[in-house]
Amino acid sequence: NAGNYVTVRMVGVQSARIPIGTNVTVQTSSGTWKKQLTGGDGFQCSNEKCIQFGLGEVVEIQRMIIEWPSGAKDEFANVPINSAILCVEGCSQFTVQTP
């Protein structure tokens, strides 16, 4: 068993539509993780435009904070695990995407 996860896809409004440089922080009872959306990490390379957190045995995300390149900040509580969520800059709610 590989454990739990959450995948975060983002769409910028004030920032670029693909918001390279966005920081996402996930807070759980077991700790805090922070990742940044990158555009590529090598010559003629491109990464998938989402951030995925491997949560292991964590069963609840208490809070997720998105810091957009525009300087805006969005915060969400009770983010579902084992799902892909879509966050639009400036929106107070996210959308759960089905695989």
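Analyst: Let's start with a term: a polar contact is a pair of N or O atoms within 3.5 Å; within protein, one has to be able to donate a hydrogen and the other to accept it, and residues adjacent in sequence count only if both atoms belong to side chains. What you have above is a predicted model, where local features need pLDDT of at least 70, side-chain atom pairs count only at pLDDT 80 or more, and totals for chains, interfaces and linings use all residues. Residues are numbered from 1 along each chain as its sequence is written, and side-chain values use heavy atoms, with hydrogens and water left out.

User: Okay, which residue's side chain makes a polar contact with the side chain of Thr 7?

Analyst: First, find Thr 7 in strand E1; strands (E, at least two residues) and helices (H or I, at least four) are DSSP runs, numbered from the N terminus. E1 pairs with strand E4, residues 50–56, in the antiparallel sense over six bridges, where pairing takes at least two DSSP bridges between two strands. The bridge partner of Thr 7 in E4 also turns out to be its side-chain partner, at 3.1 Å: Gln 52.

User: Is Thr 7 buried or exposed?

Analyst: Here's the scale: under 20% relative accessible area is buried, over 50% is exposed, and in between is partly exposed (1.4 Å probe, protein chains only). Thr 7 has contacts (heavy atoms within 4.5 Å) beyond its neighbours within four places in sequence, including Cys 50, Ser 83 and Ile 85. Its relative accessibility is 7%, so Thr 7 counts as buried.

User: What is the bridge partner of Met 10 in E7?

Analyst: E1 covers residues 4–11, and six of its eight residues are buried. Strand E7 (residues 83–88) pairs with E1 in the parallel sense over six bridges. In E7, Met 10 bridges to Cys 87.

User: What is the relative accessibility of Thr 22?

Analyst: Thr 22 lies in the loop between E1 and E2. Not counting residues up to four places away, it touches residues including Met 10, Leu 37, Ile 66 and Trp 68. A polar atom of its side chain also lies 2.6 Å from the backbone oxygen of Pro 19. Thr 22 counts as buried because its relative accessibility is 0%.

User: How about Asn 82: what is its relative accessible area?

Analyst: Asn 82 is in the loop between E6 and E7. Its phi is also a positive one, near 55°. Asn 82 counts as partly exposed because its relative accessible area is 38%.
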